[in-house]
Amino acid sequence: MRSSILAAGLLCLAAGWAVADPKMLIIALDKSKIVYDDGDTIEYPFPADSGVALSEGKTTRELRLLGYDTPETMHPHHGIFYNQPLGPEASARLKKFIAKAKKLEAVTTGESDKYGRLLAHLLIDGVPSGALMVKEGLAYETISFYGDNGFPEPSRQILEAWNSKSRIKKIMDKGQEPPTINPHIWRKNNQRHEKAILL
């Protein structure tokens with residue numbers, strides 16, 4: 001597995017990726033093993049030699065896909081009790097992209113967010129999932145707020161998709177109401193942490 005990670009890293013360099021962190025891992029994923037959460041979060045059972053740390057007693061790791069945010073779907077255990085408009089559509093579209101893919105890779109430095117989720121880009125046939133979802137009008141880019149997280153090339157592709165092809169941005173640029181508001185704002189207005197249901 002380690003040799004395939006190194007080879008993938010060299011391929012990324014050849015494709016013009018600037019590797020900002022020597023700890024970067026590029027790991028091939030088996031799509032049949034992906035567990036779906038929503039349009040920007042998945043789970044995966046990383047093997048022991050992948051370089052990805054698993055919590056004690058856990059067999060999978062949740063991945064928060066970088067560079068974009070999709071509308072929320074119902075998650076009572078997180079205090080979200082109904083779907084945001086376009087949330088289910090975003091989840092279904094990510095599944096379709098993955099189902100059609102010939103090659104899937106997770107690119108990560110092993111860093112986690114405040115919820116313990118592994119921060120990673122998901123490359124679908126070499127294209128960041130964020131760029132695909134933004135083009136579909138099913139996601140907001142998050143790079144302008146959070147930065148590139150040490151991944152300049154996928155972040156560039158996501159921003160390019162947002163600025164030139166996003167249906168959401170085009171509607172907003174016309175001064176019109178988008179089909180769904182920024183998920184960050186929606187969560188602030190609708191998420192009820194104090195009522196979260198523990199499963």
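## Close-up views of a predicted model

**View 1. Lys103 and its partner Glu105.** Lys103 forms a salt bridge with Glu105, and their closest N and O atoms are 3.9 Å apart. A salt bridge is a side-chain nitrogen of Lys or Arg within 4 Å of a carboxyl oxygen of Asp or Glu. Glu105 is buried, with a relative accessible area of 10%.

A word on reading these views: this is a predicted model, in which local features need pLDDT of at least 70 and side-chain atom pairs count only at pLDDT 80 or more, while totals for chains, interfaces and linings use all residues. Residues are numbered from 1 along each chain as its sequence is written, and side-chain values use heavy atoms, with hydrogens and water left out.

**View 2. The whole protein, for orientation.** The protein has seven helices and nine strands. Helices (H or I, at least four residues) and strands (E, at least two) are DSSP runs, numbered from the N terminus. Of the 199 residues in the protein, 45% are buried. The accessible surface comes to about 10500 Å², and 55% of this surface belongs to carbon and sulfur atoms. That area comes from the Shrake-Rupley method with a 1.4 Å probe; for residues, only the protein chains shown count as cover. Among contacts (heavy atoms within 4.5 Å) between residues at least 6 apart in sequence, 64% join residues at least 24 apart.

View 3. A search of the whole structure finds eleven salt bridges. In one of them, the side chains of Arg64 and Asp40 meet at 3.7 Å, N to O. This pair links distant parts of the chain: Arg64 sits in strand 4 (residues 61-65), and Asp40 in the loop between strand 2 (35-38) and strand 3 (41-44), 24 residues apart. Arg64 is buried, at 13% relative accessible area, and Asp40 is buried too, at 4%. A network of salt bridges links Asp40, Arg64, Asp69, Glu72 and Arg187.

**View 4. Arg156 and Glu160 along helix 5.** How far apart are the side chains of Arg156 and Glu160, N to O, in their salt bridge? The distance is 2.9 Å. Arg156 and Glu160 are separated by about one helical turn, because they are four residues apart in helix 5. Arg156 is partly exposed, at 40% relative accessibility, and Glu160 is partly exposed, with a relative accessible area of 45%.

**View 5. Asn83 and Thr73 in one loop.** Asn83 is found in the loop between strand 5 (68-69) and helix 2 (87-100), and Thr73 also lies in the loop between strand 5 and helix 2. Is each residue buried or partly exposed? Asn83 is partly exposed, with a relative accessible area of 39%, whereas Thr73 is buried, at 9%. Leaving aside neighbours within four places in sequence, Asn83 is in contact with Glu72, Thr73, Met74, Pro88 and Trp186. Glu72 and Asn83 are eleven residues apart in sequence, and their C-alpha atoms are 5.9 Å apart in space. With its own neighbours within four places left aside, Thr73 has contacts including Asp37, Asp38, Tyr82 and Ser91.

**View 6. Two residues with positive phi.** Most residues other than glycine have a negative phi. Asp125 has a positive phi, near 50°. Asp125 is found in the loop between strand 7 (118-124) and strand 8 (127-128), and it is partly exposed at 42% relative accessibility. Asn149 also has a positive phi, near 55°. Asn149 lies in the loop between helix 4 and helix 5 (152-165) and is partly exposed, with a relative accessible area of 39%.

**View 7. Tyr146 and Gly67.** Tyr146 lies in helix 4 (residues 143-146) and is exposed, with a relative accessible area of 53%. Gly67 is 79 residues away from Tyr146 along the chain, and their C-alpha atoms are separated by 8.2 Å.

**View 8. A patch of lysines.** Lys135, Lys165, Lys170 and Lys174 gather in a patch of positive charge on the surface. Patches are made of residues with over 30% relative accessible area and no salt bridge: like charges are joined within 9 Å, nonpolar side chains (Val, Leu, Ile, Met, Phe, Trp, Tyr) within 5 Å. Lys170 is in helix 6 (residues 167-173) and is partly exposed, with a relative accessible area of 45%.

Note on methods: Lys, Arg positive; Asp, Glu negative; His and termini not counted. Charge placed at Lys NZ, Arg CZ, Asp CG, Glu CD. Buried < 20%, exposed > 50% of the residue type's maximum accessible area, 1.4 Å probe, protein only.
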